[in-house]
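The following exercises are to be worked with the sequence and the model at hand. Each task is followed by a solution in steps.

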Amino acid sequence: MKVLVLFAFAVLGCSLAGARIVSKCELKQHLAVVFNSLPDNIKQSGLSGGRFLAKVVCHVEQLSGFNTSAVTQLGKQSQESSESGSASDEGGESKPPNGKQRSPQKQGGISKKDDKDMTLYGLFQLPEGLVCSDNITLPNLCGISCNKLTDDDISDDISCVVKLLTDIVKNGFMTENSKKVWNVVKQLIDDKCKNLNQYFGEC
């Protein structure tokens, strides 16, 4: 079963290598491949079905607008950026340090108590420190550099999200950093998105 999931990620890496804005239907298709490859005991816990898939994709749309290079700074960094941006408006548009367009400030997968000096990356707006690191030598749950979450290949983004979901299902609050992981997962499965039965109507 693990081989099937890895194969699904390999297919994703090849098929989406040139994307920057991923369409709703495209993301649905590739997430469905990965979720359907999960073991039955994981799928039976709720990580399957059209409604669950619609929840995840809908929240991706809300969090990043399907932009693979979306970066959001929270807390102190975003306040400083806002102040410097206001000061530089007369001389031209300010840009974030990494040169990428920053998405509007959101809470993403981080609660208000945890959002100091935090940056969220990629389609799923995953938090640095917890799931990725700017310094790859530092430990993180997904074992990747944050830059990997903002490139055109979304297979590592999906792999990371699936790891967080399955860890919570299998280990509950025994999961490493369970509270922070649950905050991330909650953003993808809560009930903020409406009319989920019609969400994939154009697909």
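**Exercise 1.** Does Asn67 count as buried or exposed?

*Solution.* The model is a predicted one. Begin with the location: Asn67 belongs to the loop between H4 and strand E1 (71-74). Next, take the relative accessibility of Asn67, which is 19%. The limit for a buried residue is under 20%. Asn67 therefore counts as buried. Finally, list the contacts of Asn67 beyond its neighbours within four places in sequence: these are Arg20, Ile21, Gly122 and Leu123.

**Exercise 2.** Describe the overall make-up of the protein chain, from its secondary structure to its contacts.

*Solution.* First, count the elements: the protein chain contains 7 helices and 5 strands. Second, read them along the sequence, which gives the pattern α-α-α-α-β-α-β-β-β-β-α-α. Third, consider burial: of the 203 residues in the protein chain, 48% are buried.

**Exercise 3.** Determine how H2 and helix H4 (residues 50-64) are packed against each other.

*Solution.* Start from the axes of H2 and H4, which come within 10 Å and cross at roughly 135°. An angle over 145 degrees would count as roughly antiparallel, and 65 to 115 degrees as roughly perpendicular. The two helices, H2 and H4, are therefore oblique to each other. As to handedness, the crossing of H2 and H4 is right-handed.

The next step is to identify the residues that meet. H2 contributes Lys24, Leu27, Lys28, Leu31, Ala32 and Phe35, while H4 contributes Phe52, Leu53, Val56, Val57, Val60 and Glu61. By class, the residues of this contact of H2 with H4 comprise 9 nonpolar and 3 charged, with no polar ones.

**Exercise 4.** How many salt bridges does a search of the whole structure find? Characterise Arg20–Asp152, Lys24–Glu202 and Lys163–Asp167 among them.

*Solution.* The search finds 4 salt bridges.

*Step 1, Arg20 and Asp152.* The closest N and O atoms of this salt bridge are 3.8 Å apart, and the cut-off is 4 Å.

*Step 2, Lys24 and Glu202.* The side chains of Lys24 and Glu202 form a salt bridge at 3.2 Å, N to O. Because Lys24 lies in helix H2 and Glu202 in the segment after helix H7 (178-189), the pair ties together parts 178 residues apart in sequence. Lys24 has a relative accessible area of 15% and is buried, whereas Glu202, at 56%, counts as exposed. Lys24 is also one of the H2 residues that meet H4.

*Step 3, Lys163 and Asp167.* In this salt bridge the N to O distance is 3.0 Å. Both residues, Lys163 and Asp167, lie in helix H6, 4 residues apart, which is about one turn of the helix. Lys163 is partly exposed, its relative accessible area being 31%, whereas Asp167 is buried at 14%.

Note on methods
Residues are numbered from 1 along each chain as its sequence is written. This is a predicted model: local features need pLDDT of at least 70, side-chain atom pairs count only at pLDDT 80 or more; totals for chains, interfaces and linings use all residues. Side-chain values use heavy atoms; hydrogens and water are left out. Buried means under 20% relative accessible area, exposed over 50%, partly exposed in between (1.4 Å probe, protein chains only). Axes are lines fitted to C-alpha atoms, for helices over the stretch in contact, and angles run from 0 to 180 degrees between N-to-C directions. Angles under 35 degrees count as roughly parallel, over 145 as roughly antiparallel, 65 to 115 as roughly perpendicular and the rest as oblique. A crossing is left-handed if the near helix is turned anticlockwise from the far one by less than a right angle, and right-handed if clockwise. Contact means heavy atoms within 4.5 Å. Ala, Val, Leu, Ile, Met, Phe, Trp, Tyr, Cys and Pro count as nonpolar, Asp, Glu, Lys and Arg as charged, and the others, Gly among them, as polar.
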